[in-house]
Amino acid sequence: MNIATHAFDALMDITARPPVVFVRGEGSFLWDHNGKRYLDFVQGWAVNCLGHSPPIVAEALASQAKLLLTPSPAFFNAPSLELAKALTDCSCFDQVFFANSGAEANEGAIKLARKFGALHRNGAYEIVTFEGGFHGRTLATMSASGKKAFEPLFEPKVAGFPKAQLNDLASVERAINGKTVAVMLEPIQGEAGVWPATEQFLRDLRELTSARGLLLILDEIQTGMGRTGKVFYYEHAEIEPDIMTLGKGIGGGVPLAALLATKAASCFEHGDQGGTFNGNPLMCAAGAAVLQHVVSPTFLKSVADNGLYLEGELQRISARHGLGEVRGRGLLLALDLKMPIAGSIVTQAFEDGVLLNAPRPDTLRFMPALTVTRQEIAAMIDSLDAVLAKIGVARRVA
Ligand SMILES: Cc1ncc(COP(=O)(O)O)c(C=O)c1O
């Protein structure tokens, strides 16, 4: 393929991208238009939970495409019923609304909480969210996010998202008032650099919100679908939220997301929520195939085991190069570099055929396919070790 034939300028320039075109993916690997192979520890930002182009997703899409693409959201279709049933069977929730992106699922969660407030809490509409949180790029989800870079953008913000600090219950209590209807958070703040809420904080939040009659909303768009070794992160803390959102891994690479709610919280009435492609059979067929795979105890154990292996290897690299802590859980981990060299590492690793992600200038984030092998982890670690040596992290200790 001749890269000059690609009209890069016809796409809006919304982010810096390297001048290569990816043409094929398989498992933990991607190939560009020159045939160069890359070991991928980004996986579409934690999207491809079963790796690139997994056969079960390809087959589910192909067979559904031959049967029915879209009858209209005004009619039932079999894959959306099947996936909704499977999601409610494996979670603490009773009902599901399917969306096309994580932001749209979160937008739905915000609307559902406001509806709950209108029906049951005298019109309360405020949702306490967290500094550093990330919930998407629609106007309401940007307002709900606590990302500093969003602050000056697209004013005026959507009102009603007072901020608290992660792992600081007193800050949540201070943010609650008579207009509050819910508390919403990611159990691990991914975009901010992989900062986990402690299990105790999640349990305390559950207790506080229940005591005050507020909804607890978990954004599991990055942590859900097996990423941390449980199907959903809330299982680690042994709590039951009222509302949860899923995205990324739920489609195994295709645009699918979901808003889940308990019976008590699921209060939309006709006309409140909808959309042309919501719950379309093609994406839901992919989601059903992925979920069947992800809920297997053997699969979840391998995620947990490989997560511990990756964590141990990152700690070894950190000690060897005098770097900082390793954070996160399962196969969502970060390495604190203690200095702003993450961008140079990502660039050099790309040259060397390894895809890494830098959510912050001093942090690397690792979110490989949940099917990643020990050999692939070892290969990434060897590459990272070489990159750190190459870019001159001179404080090498051993
Ligand atoms: C926790 C969390 N919530 C929401 C989103 C937004 O999802 P999407 O990009 O599919 O709209 C993301 C995306 O990175 C995310 O990590």
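Start your tour with the open sheet of four strands, whose order is β1-β2-β3-β15, with mixed pairing. Keep in mind as you go that this is a predicted model. Select β1 (22–26) and β15 (354–355): they stand at the edges, each with a single partner strand, so one side of each has no neighbour in the sheet. If pairing is new to you, strands of a sheet pair through backbone hydrogen bonds, either parallel or antiparallel.

Next, select strand β3 (residues 37–40) together with β15; these two pair in the parallel sense over two bridges. Zoom in on Leu39 and you will find it opposite Val354 in β15.

**On to strand β17**

Select residues 363–366, which make up strand β17. Which way do its side chains point? Thr363 and Arg365 point one way, Leu364 and Phe366 the other way, and all are buried.

Then bring in the partners of β17. Strand β14 (residues 332–336) pairs with β17 in the antiparallel sense over four bridges, and Leu333 stands opposite Phe366. Strand β16 (residues 357–360) also runs antiparallel to β17, joined to it by two bridges. Here, look for Asn357 opposite Arg365. β16 and β17 form a hairpin, with two residues between them.

**Into the core**

In soluble globular proteins, nonpolar side chains tend to be buried together.

For a close-up, pick Leu185. Leaving aside residues up to four places away in sequence, Leu185 touches residues including Phe130, His135, Leu166, Phe201, Leu216 and Asp219.

**Last stop: a pocket**

Finish at the second largest pocket, with a volume of about 890 Å³. Its lining has 33 residues, and Pro73, Phe76, Val96, Phe97 and Phe98 lie nearest its centre. Which of them gives the most to the lining? That is β4, with four residues.

Terms used:
Residues numbered from 1 in each chain as written. Predicted model: local features only at pLDDT ≥ 70, side-chain atom pairs only at ≥ 80, totals over all residues. Heavy atoms only, no water. Contact = heavy atoms within 4.5 Å. Pairing = 2+ DSSP bridges. Buried < 20%, exposed > 50% of the residue type's maximum accessible area, 1.4 Å probe, protein only. 1 Å grid on protein atoms, 1.4 Å probe; cavity = no way out; pocket = protein on both sides within 12 Å on 5 of 7 lines; lining within 4 Å. Points joined across faces, edges and corners; volume = space filled by probe spheres on them.
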